[in-house]
Amino acid sequence: MIWQYIVNGLCAGALFGLTALGLSLIYNVTNVFHFAHGAVYTSAAYLLFLFACKTSIGAAPATILALTLAILLGVLMDRFFYAPLPAGVRRTVPIITSFGIYIVIVNLIALGFGNDTQILHPGVEKTFEIGPVIVTRIQAIQASVFALLFLLTALLLKFSRYGRLIRAVSDNRKLAEALGLDIKKARLLAFSYGSGLAAAAACLSALETGMDPYMGLAATLSAVVAMIFGGVRVFAAAAVGGVMLGVIQSLVTWQTSARWQSAVTFAILLVVLIFRPQGLFGAKKRLEEQ
Amino acid sequence: MTTGTFLSLEAVHAAYGRKEILRGVNLSVNSGEIAALIGPNGSGKSTLIKVIAGILKPAAGAIRMNGEDITQTSAAQRIDREIGYFMQGGEVFRGMSVHENMVLGGYRLKPSELSARLREVNALFPKLQTVRGLHAGALSGGERQALALAMVLINRPRLLLLDEPSAGLSPALVKHTLNRVKEINEKYGTTVILVEQNIKEALRVSQRAFILKDGRIVSEENPARLLEDETAAVHRLF
């Protein structure tokens, strides 16, 4: 029984992990706490619903179109709302801006599609038995996409010129500016790639449980907890934190009930913030760096 | 060997928000010389270096390099015009390897030039070659300063702006670092503007000293003469 819950948790955590990885990329490069990540998430699911269920273009083109438009939405949010904010503005300003964007977009979606849950993929899902564990086809897709995107992101960050640029800007922005690194490009890359990861997670989630206009809120809150849990300054840690959070939530459901998931999630957040603020995989800053 | 004016600043003003730091700085530095900027804390030395590097835009005044007005150019454009800026304290990307740091130093170089330049700086700082895979955050203070200098030198700057290159180093390492600056100046004819807390060492390697007080250049001195009578010099400076 426990293995079934662990596998379920791993698959749910894979989606938290992708969303958290995207959020971490954006936060580390731009210092913007991009709460409207949740609006990109919700938009991607509804765009997929729109193209897959209301047109006859087919599943693959619908997915590509939904992902592309969600990426564009994330980039436009930065271009029109965050980037024009003057340097040195209080940190609360982009956060409030972000909340504003989130509320407007989610309400527009609710106006257009209603508050009810929309189902993307009705019917009984095909399953596989692996020993004592039953895995649905969608869960297998979720886990595979997570593994693929996690590996791809790690390789791009480590070995590509643009990956180095992103890591450099997030490591020491002032030095990056002094060396003439292309900060605008790093920002564009972070918002587009980060939004793409959230959009992919949203589409995978919509395939399994459908969608409602408020799905992005829960996804973003889980991503924030995953990011802090793993370590804010380490990209991979956010993804791993997400997977671990999924497993913990699933085990809580097993031992108690799903009602306790949020309470346990935020209790973990508090414990980590008090006893290990740098996260499970983050290194403590040296005094000279603080 | 120095020839003609290379860099000139005319009535440069600069501020952080409403706080004015530079109040009409006039300065001219000759090609191939090492000029020390000396003054008490808060006199505006680092701000002046930032203005020349293009990190901080002046509120008024003009900056010319070889006669060309570069006042409105960005920091990146100034790197392309061969100005190298060593940040206060020798900043590096601590979470990245030594090799990655060097590659990022040469970010604006063409990929075809990069390998040759990496070989050049590796020859200048052979010790860094032995630790190329280590995270820069794991280096000692001296190694980190050397890496920060290598990251600037990879672009072969004609004008090198050094903001406290020996901060936090032992006296022996301070001497070594500034000797290295002197070597670079002599070998490549690089013009250097040096801000250094260790005034004695800064004067030892420089050909001219500008005294900055309350955001203005108050005098221009001969470093050798200042070194002859240190006590009188300290009184005059501060």
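**Figure 1. Right-handed crossing of α3(A) and α8(A) in the predicted model.** In this predicted model, α3(A) crosses α8(A) in a right-handed manner. Helix α3 of chain A, formed by residues 59–82, packs against α8(A) at an angle of about 140°, and the two axes lie 8 Å apart. Because angles over 145 degrees are needed for a roughly antiparallel pair, α3(A) is classed as oblique to α8(A). On the side of α3(A), the contact comprises L67(A), A70(A), I71(A), G74(A), V75(A), D78(A) and Y82(A). The residues contributed by α8(A) are R187(A), L188(A), F191(A), S192(A), S195(A), G196(A), A199(A), A200(A) and C203(A). Sorted by class, the residues of this contact are 10 nonpolar, 4 polar and 2 charged.

**Figure 2. Packing of α2(A) against α4(A).** Helix α2 (residues 37–53) and helix α4 (residues 92–113), both of chain A, pack at an angle of about 25°, with 9 Å between their axes. This angle makes α2(A) roughly parallel to α4(A). The two helices cross in a left-handed sense. From α2(A), the contact draws on G38(A), A39(A), T42(A), S43(A), Y46(A), F49(A) and L50(A); from α4(A), Y102(A), I105(A), I109(A) and F113(A) take part. The contact of α2(A) with α4(A) contains 8 nonpolar and 3 polar residues, and no charged residues.

**Figure 3. The crossing of α5(A) and α6(A).** The axis of α5(A) comes within 5 Å of that of helix α6 of chain A (residues 161–171), and the two cross at roughly 80°. The pair is therefore roughly perpendicular. In the contact, L156(A), L157(A), K158(A) and F159(A) of α5(A) meet R161(A), G163(A), R164(A), I166(A) and R167(A) of α6(A). By class, 4 residues of this contact are nonpolar, 1 is polar and 4 are charged.

**Figure 4. The second largest pocket and its lining.** The second largest pocket holds about 790 Å³ of space. Its lining consists of 30 residues, and those nearest the centre of the pocket are A12(A), F16(A), S222(A), Q249(A) and Q261(A). Elements of chain A that supply two or more residues to the lining are α1 (2–30), α5 (137–159), α8 (183–209), α9 (215–230), α10 (235–255) and α11 (261–275). Of these, α1(A) provides the largest share, with 8 residues. The lining divides into 12 nonpolar, 16 polar and 2 charged residues.

Notes: Residues are numbered from 1 along each chain as its sequence is written. Chains are lettered from A and ligands numbered from 1 in the order in which they are written. This is a predicted model: local features need pLDDT of at least 70, side-chain atom pairs count only at pLDDT 80 or more; totals for chains, interfaces and linings use all residues. Side-chain values use heavy atoms; hydrogens and water are left out. On a 1 Å grid over the protein atoms alone, a cavity is a set of points where a 1.4 Å probe fits but cannot get out, and a pocket is an open set with protein on both sides within 12 Å along at least five of seven lines; lining residues have an atom within 4 Å of a point. Grid points are joined across faces, edges and corners, and a volume is the space filled by probe spheres set on the points. Helices (H or I, at least four residues) and strands (E, at least two) are DSSP runs, numbered from the N terminus. Ala, Val, Leu, Ile, Met, Phe, Trp, Tyr, Cys and Pro count as nonpolar, Asp, Glu, Lys and Arg as charged, and the others, Gly among them, as polar. Axes are lines fitted to C-alpha atoms, for helices over the stretch in contact, and angles run from 0 to 180 degrees between N-to-C directions. Angles under 35 degrees count as roughly parallel, over 145 as roughly antiparallel, 65 to 115 as roughly perpendicular and the rest as oblique. A crossing is left-handed if the near helix is turned anticlockwise from the far one by less than a right angle, and right-handed if clockwise. Contact means heavy atoms within 4.5 Å.
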